[in-house]
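Biologist: I am new to this structure and would like to go through its helices and a few of its loops. Please show it first.

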Amino acid sequence: MIKGSVGDNLNGEESSFFNPGKGLRQSDPIPPLLFNLVVDVLTRMLAKAADQGLIRGVLTDFTPNGIISLQYADDTLIFSSSEMSHLRNLKCCLGLFEQFFGMRINFHKNELILMNVESEEAHFISHLFGCPLGSFPMKYLGVPLHFDKLKREDIQPLVDKILKKLASWRGRLLSSAARVTLIKTCLASIPVYLLSFIKFPQWALQMLNTHMANCLWDDTNEKHKYHLVNWETVSMCKEFGGLGIPNLRDLNICLLGSWLKRYQVDDNKL
C-alpha cells in the first residue's frame, strides 16, 4: 500500500478523510539514528560558533574554545560562560537549530544551573532561555554530579538501588563454589558503572561488601550463619589465599584512576 487516506473517529464522530504526509512511526527503529545524525549538527554548529568567537565554553585553558557540549543519545549538557553576549548568541544558535530541522526544544523540561552568578542576574538568564533554575547535585546518565563532595543523602539512593539488585541474587540453592562464581561474575559487576565515576565512601562500600558476604556464606535473616573468614581475606587474589572476588575499594580507585590515564595518554579525549 503506497498511497491511502485515513480518517478519525472520536466519540462516534467521524472526520473527513485526508492524505497522510511522510513520516516515521514511534516504533520504527530508524528515528533514534536520525535523531543522532540531526543532533550531531547541533554540536557542529556550537563548535563553529565558538571558533568565530560568538560563544565560549568552560575550561578554556584545558581545551581550545572550552568544553561546549557533552552528549550521549538524547541527554545533552551545554556549557557556556556567563557573559551576556555569549549567552544571547547561544540562544540564537538553539533557535536556528529549531528552524533548520523543525525540532522544538522544550526549555521548560530543561534546567539552568549557574555558578558564581548573582541572584538577580541568574533570574534574568533564566528568563532569557525560558528554563527553570536548577541546583547541584544534578543527574546525568544516572550519575549525580556536584562540584563539591557528595553527601550521604545524595549517595544513599544509589546504594539502595544497587542493594535492591543484589538482593534478587541470593543463590540459596547453589553450592559454595557456585556462589563464589555468582559473586565474581554478577554481583561484583553490578556497581561497576557508578564506581567508575564516584569515589564511594567507606560506609557505602561496607554495605555492599556485607551484602555480598551474606550471599557467600548464605547468611539470611531467617537463618543466621557465621562468616568463617573476614571479607578482606576473601577478596584477595587466589595466590595470596583469597577467593579472587574483586575488592570494591581497590576497584573503585582503579576505575577512577583510569580516567587520568585517558586524559594523559589518549588523543581526542574530549
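Modeller: The expected span of a helix is 1.5 Å times one less than its number of residues. Keep in mind that this is a predicted model.

Biologist: How far apart are the end C-alpha atoms of H9, and what should its 18 residues span?
Modeller: At 1.5 Å a residue, the 18 residues of H9 should span 26 Å. The distance between its end C-alpha atoms agrees with that, at 25 Å.

Biologist: Which residues of H9 are buried?
Modeller: Buried means under 20% relative accessible area. In H9 the buried residues are Leu248, Asn252 and Leu255. They cover an arc of only 70° around the axis, which puts them on the same side of H9. So the buried side of H9 is marked by Leu248, Asn252 and Leu255.

Biologist: What covers the buried residues of H9, and which exposed residues does the face turned away carry?
Modeller: The cover of the buried residues includes helix H6 (192–195) and H7. The face of H9 turned away from the buried side carries exposed residues, namely Cys254, Leu260, Gln264 and Val265.

Biologist: Are H4 and H7 roughly parallel or roughly antiparallel?
Modeller: Helix H4 (residues 152–167) packs with H7 at an angle of about 10°, and their axes are 10 Å apart. Angles under 35 degrees count as roughly parallel. H4 and H7 are therefore roughly parallel.

Biologist: How do the residues of the contact of H4 with H7 divide?
Modeller: H4 contributes residues including Ile155, Val159 and Ile162, while H7 contributes residues including Trp203, Met207 and Leu208. By class, the contact of H4 with H7 divides into 10 nonpolar, 2 polar and 1 charged.

Biologist: Is H5 roughly parallel or roughly antiparallel to H7?
Modeller: Helix H5 (residues 176–185) and helix H7 (residues 202–216) pack at about 155°, with axes 9 Å apart. Angles over 145 degrees count as roughly antiparallel. That makes H5, relative to H7, roughly antiparallel.

Biologist: Which residues in H7 do those of H5 meet?
Modeller: From H5, the residues in this contact are Arg179, Val180, Leu182 and Ile183. By class, the contact of H5 with H7 has 6 nonpolar, no polar and 1 charged residues. The residues met in H7 are Met212, Cys215 and Leu216.

Biologist: Is Ser235 buried or exposed, and what does it touch?
Modeller: Ser235 lies in the loop between helix H8 (231–234) and helix H9 (248–265). Its relative accessibility is 9%, so Ser235 counts as buried. Not counting residues up to four places away in sequence, Ser235 touches Ile245, Pro246 and Asn247.

Biologist: Which peptide bond is cis?
Modeller: Pro137 is in the loop between helix H3 (119–129) and strand E5 (138–140). With omega near 0°, the cis bond is that from Phe136 to Pro137.

Notes:
Residues numbered from 1 in each chain as written. Predicted model: local features only at pLDDT ≥ 70, side-chain atom pairs only at ≥ 80, totals over all residues. Heavy atoms only, no water. Axes fitted to C-alpha atoms, helices over the stretch in contact; angles between N-to-C directions. Helix = DSSP H or I, 4+ residues; strand = E, 2+ residues; numbered from the N terminus. Parallel < 35°, antiparallel > 145°, perpendicular 65-115°, else oblique. Contact = heavy atoms within 4.5 Å. Nonpolar A, V, L, I, M, F, W, Y, C, P; charged D, E, K, R; others polar. Buried < 20%, exposed > 50% of the residue type's maximum accessible area, 1.4 Å probe, protein only. Arc of directions from axis to C-beta.
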